[in-house]
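Please keep the sequence and the 3D view at hand while reading.

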Amino acid sequence: MKNRLGDLERAVMDVLWERTEPMTVREVGRALADRDLAHTTVMTVLDRLAKKGVVTRTREGRAWRYRPAASREAYVSELMHDALGQTGDRDAALAAFVRSMSGAEAELLRRLLAENHGESDRSRM
Amino acid sequence: MVVAALLTAIAVGCLIAAHLLLSARWPSRGPHVAVVAWQALGLAWGVSTIGALLAFGLAPYGLGVLHGLTALVRDAAANGLRLDVLSEGHFAATRVAALVAAVLLTLVLFWGLAVSFLQVVRTRRRHRALLELVAHEHPEVPGARVLDHPAAAAYCLPGVLNPQIVISAGALEVLDRRELAAVLAHEHAHLRQRHDLVLLPFSSLKRAFPRVRIMERCYNAVALLIEMCADDHARRHHSPRELATALVRFGAAGGAAVPAGAMAVVPNEQQPEVLARVSRLLNPVQLSRRATAAVLSGSVALMASTLTLWHLPM
């Protein structure tokens with residue numbers, strides 16, 4: 001059940017990201033017609049997304065219109081910033097393989113590897 | 001008073017040892033043992049500092065720390081918190097101040113731990129929710145999620161129920177298959193050994209004492225050691241050279257492509273961390289068995305003597 005919900009949330013977000021204008025529950029349901037979702041299901045999913053803060057809604061007449069709170073790219077870079085330890089105060093939550101480093105450091109690393117490579121080649125001969 | 005003096009000596013000794021450990025070279029040869037040493041130092045420092053303050057404050061009871069505390073609580077329960085015994089004799093005010101300081105320090109430490117824990121839980125929850133929406137599966141990395149971003153990154157999101165390993169499209173681009181496997185093994189080690197829990201107390205110490213630079217340096221040292229532990233784990237099944245190459249490729253691909261902004265947050269003192277990891281992967285030297293045993297028994301002795309001093313009725 002939980003996986004199905006996650007799956008739906010993702011599908012709904014994909015629909016919202018694809019359109020530029022805010023959508024009603026009915027419109028979202030229609031865009032996902034191949035899934036044959038009940039109106040209430042779509043509403044529940046949109047409600048959950050709104051609670052998570054990734055979707056905002058505005059009233060228009062009798063219907064709510066939903067839109068993504070930020071673009072997909074914005075979320076991806078937020079995650080990347082978290083991961084690379086660039087957002088201060090978030091340490092210990094995630095452990096990145098390598099935190100971001102300066103160009104000079106990277107250069108130093110390349111040289112080190114090249115040197116070592118040369119040595120091991122020589123020792124093999 | 002002897003107990004107070006001894007506990008003070010231990011507390012100061014812990015600080016000196018921490019300084020020495022920060023500049024020592026052996027930890028990179030035995031990262032697991034070094035992490036144990038850091039944990040013992042951290043714990044012993046907290047317990048001995050609080051103990052020293054209590055021992056001084058409770059000296060009039062003549063019962064030591066633990067029994068003195070019981071006596072104080074019993075007194076307070078019987079006569080209300082009038083601290084009768086303490087306000088007699090010399091240094092009465094100083095003794096009360098020491099007791100207050102001990103209570104405050106305890107609160108700060110626990111508060112820091114609680115806040116860190118909550119912060120971590122909150123960050124992870126949001127991270128997980130967003131990941132659910134924007135990351136996708138990839139046939140090349142079964143079990144991991146992929147983020148469509150050109151910068152190279154690989155990380156894990158620890159958790160009891162649903163730990164996850166995430167890798168960026170940029171990382172898939174720069175790594176070959178065997179390097180990728182080594183990186184994934186490294187991340188698996190983090191998840192399996194719950195390295196995040198090892199790091200948590202140190203991150204909370206850093207939070208509790210934000211102005212104290214040694215706390216931050218200790219945190220960074222432990223964080224680096226944990227990476228080394230995961231590196232060691234990964235190289236049991238993968239060649240260290242592949243892991244080292246992966247590190248270098250990340251370094252070359254990572255920084256440039258990430259939109260600049262908060263780059264300055266990255267700590268960059270002494271030897272660059274990645275360089276330290278690469279060089280020990282390429283020239284592995286193990287800590288000798290005797291040194292390992294010495295560090296471990298030292299850590300046990302430190303904890304044991306601190307706890308014993310808490311129990312001594314004098």
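## Chain B, span by span

Over residues 96-118 of chain B the chain is 100% helix and 0% strand, with the end C-alpha atoms 33 Å apart; helices here are DSSP runs of H or I with at least four residues, strands are runs of E with at least two, and both are numbered from the N terminus. This is a predicted model, in which local features need pLDDT of at least 70 and side-chain atom pairs count only at pLDDT 80 or more, while totals for chains, interfaces and linings use all residues. Residues are numbered from 1 along each chain as its sequence is written, and chains are lettered from A and ligands numbered from 1 in the order in which they are written.

An unreviewed UniProt entry lists residues 6-24, 36-59, 96-118 and 291-312 of chain B under "transmembrane region"; such positions are given in the numbering used here, feature names are shortened, and annotations may be inferred rather than shown by experiment. Two of these spans are set out below.

Chain B as a whole contains eleven helices and three strands, which follow one another along the sequence in the pattern α-α-α-α-β-β-β-α-α-α-α-α-α-α. Its C-alpha atoms fill a box of roughly 75 × 45 × 35 Å along the principal axes.

The domain assignment, whose bounds come from an automatic or database source, divides chain B into domain 1 (1-88 + 284-314) and domain 2 (125-259 + 269-283). The contact between them takes twelve residues from domain 1 of chain B and 19 residues from domain 2 of chain B, where two residues are in contact if their C-beta atoms, placed from the backbone, lie within 7 Å. On the side of domain 1 of chain B that touches domain 2 of chain B, the elements giving two or more residues are helix H1 (2-23) and helix H2 (31-57) of chain B, and H2(B) gives the most, with six residues.

As for confidence, chain B averages a pLDDT of 86, and 91% of the residues score at least 70, pLDDT being the predictor's confidence in each residue, from 0 to 100. Over residues 255-271 of chain B, however, the pLDDT is below 50, although this stretch has 31 contacts in the model beyond near neighbours in sequence. The model scores ipTM 0.78 and pTM 0.83.
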